[in-house]
Structure formats: C-alpha cells, structure tokens
Amino acid sequence: MALVGLCMLGRLAYVQLIDNTYQLSADSNSRRKVVQYPSRGLIYDRNGKLLVSNQPVYDIMIIPREVHEFDSLDFCNTVGIDMPTLRQLFQRLRQNINRHLASVYKPSVFVRQVSVERYSMLQEKLYKMPGFYAQRRTLRKYEYPAAAHVLGYVGEVDDNAIKNNPYYASGDYIGVSGIESSFEVQLRGHKGVNYQMVDVLGRQKGSFRDGAYDTLAVSGQNLTLSLDIDLQMYGEKLMAGKTGSIVAIRPETGEILCMVSAPSYDPSLLIGRDRSLNFPILSTDPHEPLYNRAIQGWYPPGSTFKTINALIGLQEGVVTPETKYPCSYGYTLGHFHMGCHGHMSPLNLRQSIQHSCNAYYAYEFRTILDNKKYANVNEALDVWKDYLVRFGLGYRLGVDIANENRGFVPSAPYHDGVWGKGWPSLGVVSLAIGQGELLLTPLQMANVAATIANKGWFYTPHAVHRIQDSTIDSLYTTKRYTGIDTAYFSVVQDGMELAVWGADAGTARGAQIPGIRICGKTGTAQNPHGRDHSIFMSFAPKESPEIAISVYVENAGFGATWAAPIASLMVEKYLKGEIAPNRKYMEDRILQTVLNDQ
C-alpha cells in the first residue's frame, strides 16, 4: 500500500510540476496563439517609382490533435491542390511530428500561400474542417519585370537560419539574394502576436483577456534605391540575346544607376507557389540567369586596364605625358612577341590610350617593375598591387548587394609559386595590358571609370539611396582616395577623350554622342574558353561627369564592335532621355543581334 501510494504521489508530482502535456491540451482547447506577420518594406527607385510591393496570401494552419473527419475533396478543390498532394502533406506532417519538428498540440503550416480569392471560399467552410484555420501573410509583388539581380528574392528560412537567429521560426521568409538579403533586418519588420479564444470546434470566440497579451506587428522600413528603373530596363533590353553585364554609377555619389546581368529573369517567377516550379528551371539553365555577372563574374579587364597602368607610371615617375615608345605591330624582345594593331609610331602617353598600344604599356610596365628604387621586381610588383587595392581592386568593394566577389590581383608571392624565385619583369608583362592572372568584376571596372572621372577618389558603390527613418552606412558616404596626384588623371582623361573623338582614328569612335563629351576606353579580353570578350568603360560629360559605365559582352570580339555602342546608347539615354533619330540605326543593330543561343 505504501509503495502504491508513493507511486501515485510521484506521478501526481510529475504531472503537476514537470509534464505540461495536459496544460498544452487545455490551452489549445481554449486559446490560440496567432503570429501577426508584418508587411515587408516597400522598395522605390531614385525617381519614386514603386519597384516592390506586397500582396496578401494565407497559410492554412493545422493543429493535428484537433483534426477529425472532413471533406478532403472539397478541401483540395477550395485551396487549389490535388488529392496526392494532400496525402503528401499529411505524410510530411507525420514525419515532422516523429522528428519533433512539429507538435500535435501546436499549429503548423499545412498549405502555403493560398490566394485571397481561394481563402474567401475556404473561410465559409472552415467550421466543417476542425483543426484548420488561416493565417494571413504577405508575398512580394514586383512591379517591373526587371532588376531581378539587384532586388533579389525572398525564400523560406532553412534550419541554419532558424538555429542562428531566434527571430525566425519554421515557415518564415527571409531575403535570399540582392537587396532583399542585404537589408533583411530593415525590410522584414517585427512580428506581432494575437491570442484568440477558441471553442472545442476551433472557432474563434474573441480576444484572450481583451488583447492584454497581444503585440502589434511593425511593418518593415521602406527603401529608396539609387537605381533608375527606366535606364535599367533599357539596359536589359539592349543585352537581350547576349551574355554579360552593364554597370552604371553616378561618380559624385557612388550611387548605382543600373546593374544589368544578362541573361536575366522576371523576378515574379520566384514568388508564391510557382517559385518551387520555376527555381529548378532557372538554376539548371545552362545560361545561368540566376548568376549576377555584374558583381560575381570575374573577367580580365583587357586594354581598359591601360588607364590604371598609365596613372601608376606617372605617379611613380617612370613616364611623363610626353614619354614616347615605339610600336612595330607589337612589342618584341628576343623570342617574345606581344602583338598590336597598326597605328602611328612612336606614341606619347595620351596617344597610347587613344590608340590602345600594347607595346607602349609593355615598355612602361617593365619600367615600373625594374625601377631601381626598389630592391627587386618582387618589391616593385607589391607596390604596383598596393595602387590597385586603393583603386578598389583585388578585394570586395563592399557594395550593399549580397554575394559580391573580390576579383583577383596577383601578388609577388603568387608569382614565386608559379615561376620560382627570381622571375623577371618580362614573365608578367601580360599584366601591362590587363591580361594574365588579373581578374576584375564589372562593378569594379565601372568604379574605375568613376574614379578616373573624379580624378582620384570614389565613394564605395551602393544601390540604396535612403532608408526610411534611418541613415545609410557611413561606408557609402566616406571618400576613398587612390593616392595618385590629381593632375595625372587629366592626362588619362585626355587620352580617353581622344579615343572617342580624336581625329586620328581613336579605338572608341563608335561611342561618339553628338553634343556630349564622352571619354572612353575599349578592351578586348582574351578568353581561353572561346571568343574574346568585348569591353568598354567610359564616363560623361568630361567636365562635371554624371555617369560612369562599364559594359562586358561575353564572346563578342572587339570592344569597339559591341560594348562601346551599348555604353554610348546607355549614356545618351540617361543624359538626354531618348535616342536621337540619327542614331536609331545603332540601337536597332544592337537590339536585333543575338550573340548567344538563349
């Protein structure tokens, strides 16, 4: 009798003090905790045009313990699923309960993202479907079929996000890429909680204790981007049928005016239930439309890089604006030959940029590395690399768009590993013309154009202009200097202007825009996997620049053929608002040309 009594007392203590099963059961019978999800912040472009808004949807929640027999066919027809899908949902729920990822007493998401129209039909039938109720959510709505890589997309949180951040719970949504990811904290807002009294059939009977324990959801902060959506859409139109990118920056602020990565996709494909169907298609597309080439693609800069080597040579004192080097269809030393196209010879520095002379920069770069004020070529190369780092190369710039890559600038230890100790300047001479191991992102190249336009400084490129009730990071309002004298930039600017406007056949004359002093530099980057890449960087107007731009067109050949006219059209569109009638032929040629098989 004593033993039985002790057992009874022990069990009673366990039930009252430790086991909360009956409490949960009682609470679920009388009270329901409903999470109030906030609306994500809206996103606007620089001119106040709405880019991203919200649309209401409903998640159908289930409390397994309360579910009894119901008309499953009617349920399927109402919420828009079929019977096999319903069986899969119940099977997944059982698995989650067995793995302690869900509870029979607590609500779990059963059917996601039911439209307002379907919810209105379901609402009238929920009393016949015990254990089910609806919870309001919002989905993103993209107002334009453009800027997908800048805006990014929203997806359901994974286990790592839930583990690392207590704010998130299973079924929540989080920014996965682009601005949606970088500004997740600002955009998501704060969840609220609403406690409802319910009867034994799960029907709502009013607020629990008149809402004393309820908290309100706080909507996310709105963002205003520096993006010009009209320019963005025009750029995507020009890049249709091509692979590559366009990045345009406002030099005086570092604000990104457009960021095109081609091929792209309609951001509306990755919202709602259709996301699960469209994402596998996009992610397996051989053209990689999800890949943001503007900040993730690594390319040799080609001859556009000659502008930077010219500036370093001037700062190091190894050349002057009047220094001349000869060119006889290239640079030759012993058995080594670096080819070049035909042009006048010898050339001074301005003319070397105008005509994009390879031989000039082979001489100049070797002079930089063989400079006697350094102990050896290794030390000189590391000094050269330091200049590049101050230009924002070799490391992430810190743009406020998620998933930026850093590019690559080779160091002296890197070459030691390739060549062994004591390698000569001739062994790395390909760096003189932006080839070899040197790799830049299109964003970095656009920033180089902005830096030259500003004569030696830049703001870290950024896409967010304003945050509601907040300020942008000081990183984007702090000037960064290259350490190169301002006077030398005027020399390079002159060479870039001559490349476009020079009477003696500059390499970028196809970028001319009547009435606008545009300065530019073409590039044709060797590609070991196919045809050369077509590259162009420029800024305009020469005095008080308003736009700096880089264009990469993969496997398209000469920079003057495709990249330069595309950049020219973009600059004209931004500065003038439209393309002049006498330049429509150029626009038509770009729009009608397909350079890949997408």
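Student: Leaving aside neighbours within four places in sequence, which residues is Asn358 in contact with?

Tutor: Asn358 is in contact with Ser303, Lys306, Met338, Gly339, Cys340 and Ile433. Please bear in mind that this is a predicted model.

Student: Where does Asn358 lie, and is Asn358 buried or exposed?

Tutor: Asn358 lies in helix H15, which covers residues 358-369. Its relative accessibility is 13%, and because buried means under 20%, Asn358 counts as buried.

Student: How much of the protein is buried overall?

Tutor: Of the 598 residues in the protein, 53% are buried.

Student: And how many helices and strands are there?

Tutor: The secondary structure comprises 21 helices and 20 strands. The C-alpha trace spans about 110 × 65 × 45 Å along its principal axes.

Student: What share of the contacts between residues at least 6 apart in sequence join residues at least 24 apart?

Tutor: That share is 71%.

Student: Let us turn to the sheet. In what order do the strands of the open sheet E12-E18 run?

Tutor: The order is E12-E11-E20-E19-E18, five strands in an open sheet with antiparallel pairing. Strand E12 (255-262) and strand E18 (519-525) are at the edges; each has a single partner strand, so one side of each lacks a neighbour in the sheet. From one strand to the next, the twist averages 5°.

Student: How many bridges join E11 and E20?

Tutor: Strand E11 (residues 244-250) and strand E20 (residues 547-553) are paired over six bridges in the antiparallel sense. Within this pairing, Gly244 stands opposite Val553 in E20.

Student: Which strands does helix H18 touch as it packs on the sheet?

Tutor: Helix H18 (residues 442-453) touches E11, E12, strand E19 (533-540) and E20, and its direction makes about 145° with that of E20. Helix H20 (residues 563-576) also packs on the sheet, touching E11, E12, E19 and E20. The direction of H20 makes about 145° with that of E20.

Student: Now H13 and H19. At what angle do their axes cross?

Tutor: The axes of helix H13 (residues 306-316) and helix H19 (residues 486-501) cross at roughly 145° and come within 10 Å. The crossing of H13 past H19 is right-handed.

Student: Which residues make the contact?

Tutor: H13 contributes Thr307, Ala310, Leu311, Leu314 and Gln315, while H19 contributes Tyr488, Phe489, Val491, Val492 and Met496. By class, the contact of H13 with H19 has eight nonpolar residues, two polar and no charged ones.

Student: Changing topic, how many aromatic pairs are found in the whole structure?

Tutor: The search finds 19 aromatic pairs. In one of them, the rings of Phe75 and Phe132 have centres 5.0 Å apart and planes at 40°, so the pair is tilted. Phe75 is in helix H3 (residues 72-79) and Phe132 in strand E5 (residues 132-142); the pair links distant parts of the chain, 57 residues apart. Phe75 and Phe132 are buried.

Student: What about the geometry of the pair Tyr299 and Tyr552?

Tutor: Tyr299 and Tyr552 form a tilted aromatic pair, with 4.8 Å centre to centre and 35° between the planes. Tyr299 lies in the loop between helix H12 (293-296) and H13, and Tyr552 in strand E20, so the pair ties together parts 253 residues apart in sequence. Tyr299 is buried, as is Tyr552.

Student: Which residues do ring pairs link into a cluster?

Tutor: The cluster consists of Tyr325, Tyr331, Phe336, Tyr360, Tyr361 and Tyr363, linked by ring pairs.

Terms used:
Residues numbered from 1 in each chain as written. Predicted model: local features only at pLDDT ≥ 70, side-chain atom pairs only at ≥ 80, totals over all residues. Heavy atoms only, no water. Pairing = 2+ DSSP bridges. Helix = DSSP H or I, 4+ residues; strand = E, 2+ residues; numbered from the N terminus. Axes fitted to C-alpha atoms, helices over the stretch in contact; angles between N-to-C directions. Contact = heavy atoms within 4.5 Å. Left-handed = near helix turned anticlockwise from the far one by under 90°. Nonpolar A, V, L, I, M, F, W, Y, C, P; charged D, E, K, R; others polar. Buried < 20%, exposed > 50% of the residue type's maximum accessible area, 1.4 Å probe, protein only. Phe/Tyr/Trp six-rings, centres within 6.5 Å; stacked < 30°, edge-to-face > 60°.
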